Amino acid sequence: MFRRITAVLATLLMAAAGLVLTGSSAHASTTTICKSSPIPSGYVVVGEGSSTSCPYSFPNTWTIRKPYTSGTTTMCKVSSVPSGYVVVGEGSSTSCPYSFPNTWTIRKPYTSGTTTICSVSPVPSGYVVVGQGSSTSCPGSFPNTKTIRAL
């Protein structure tokens with residue numbers, strides 16, 4: 001019983017501090033924070049929500065995660081693209097704020113060969129543009145992609 005009370009009190013204290021409110025069993029690596037807290041370095045917003053534990057009007061929380069280091073991550077456009085990642089697509093999600101399209105699909109570029117990225121994407125340090133093209137997955141008029149490779 002003492003352990004249960006201690007666990008409940010610890011959870012309430014973290015929620016009140018806006019550090020961690022909930023986790024998602026579908027995405028074990030996600031964390032929910034109050035929008036009044038800064039987004040930690042290296043994390044991206046993957047959704048927004050509401051909690052009575054956070055200040056201000058609803059929606060007042062961000063669901064955040066570290067992007068995958070292999071494969072792709074879909075993030076809300078309210079986040080900055082993390083250093084070392086590139087935008088490979090644009091999409092829409094009801095979990096993210098603002099009008100559609102409101103998401104970026106990001107990934108780490110390939111270290112050998114080439115990677116096709118959306119023209120709106122930052123080109124990471126150590127990579128150069130070697131071509132351009134077009135994709136319906138990227139925003140803007142054609143040509144709307146860049147092909148990059150590591151130096």
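This is a predicted model: local features need pLDDT of at least 70, side-chain atom pairs count only at pLDDT 80 or more; totals for chains, interfaces and linings use all residues.
Residues are numbered from 1 along each chain as its sequence is written, and side-chain values use heavy atoms, with hydrogens and water left out. Local features need pLDDT of at least 70 and side-chain atom pairs count only at pLDDT 80 or more, while totals for chains, interfaces and linings use all residues.

The largest nonpolar core has eight residues: Val 44, Met 75, Tyr 85, Val 87, Trp 104, Ile 106, Cys 118 and Cys 138. A nonpolar core is a set of buried Ala, Val, Leu, Ile, Met, Phe, Trp, Tyr and Cys residues joined through side-chain atoms within 4.5 Å. Buried means under 20% relative accessible area, exposed over 50%, and partly exposed in between (1.4 Å probe, protein chains only). A second, separate core holds six residues, including Ile 33, Val 45, Cys 76 and Cys 96. In soluble globular proteins, nonpolar side chains tend to be buried together. Leaving aside residues up to four places away in sequence, Met 75 touches, among others, Val 44, Val 45, Trp 104 and Ile 106; contact means heavy atoms within 4.5 Å.

Three strands form an open antiparallel sheet in the order S1-S3-S2. Strands (E, at least two residues) are DSSP runs numbered from the N terminus, and two of them pair if DSSP finds at least two bridges between them. The edge strands, which each pair on one side only, are S1 (31–34) and S2 (44–49). Four bridges join S1 to S3 (residues 61–65), and Ile 33 stands opposite Trp 62 in S3.

Two charged side chains sit over rings, a term that requires NZ of Lys or CZ of Arg within 6 Å of the ring centre and within 35 degrees of the ring normal. The charged end of Arg 65 lies over the ring of Tyr 68, 4.0 Å from its centre. For Lys 77, the charged end is over the ring of Trp 104, at 4.2 Å from the centre.

The peptide bond from Phe 58 to Pro 59 is cis, with omega near -10°, and Pro 59 lies in the loop between S2 and S3. Tyr 56 lies in the loop between S2 and S3 and has a positive phi of about 75°, although it is not a glycine. Tyr 56 is exposed, with a relative accessible area of 66%. Tyr 98, also not a glycine, has a positive phi of about 80°. Tyr 98 is found in the loop between S5 (86–91) and S6 (103–107) and counts as exposed at 67% relative accessibility.
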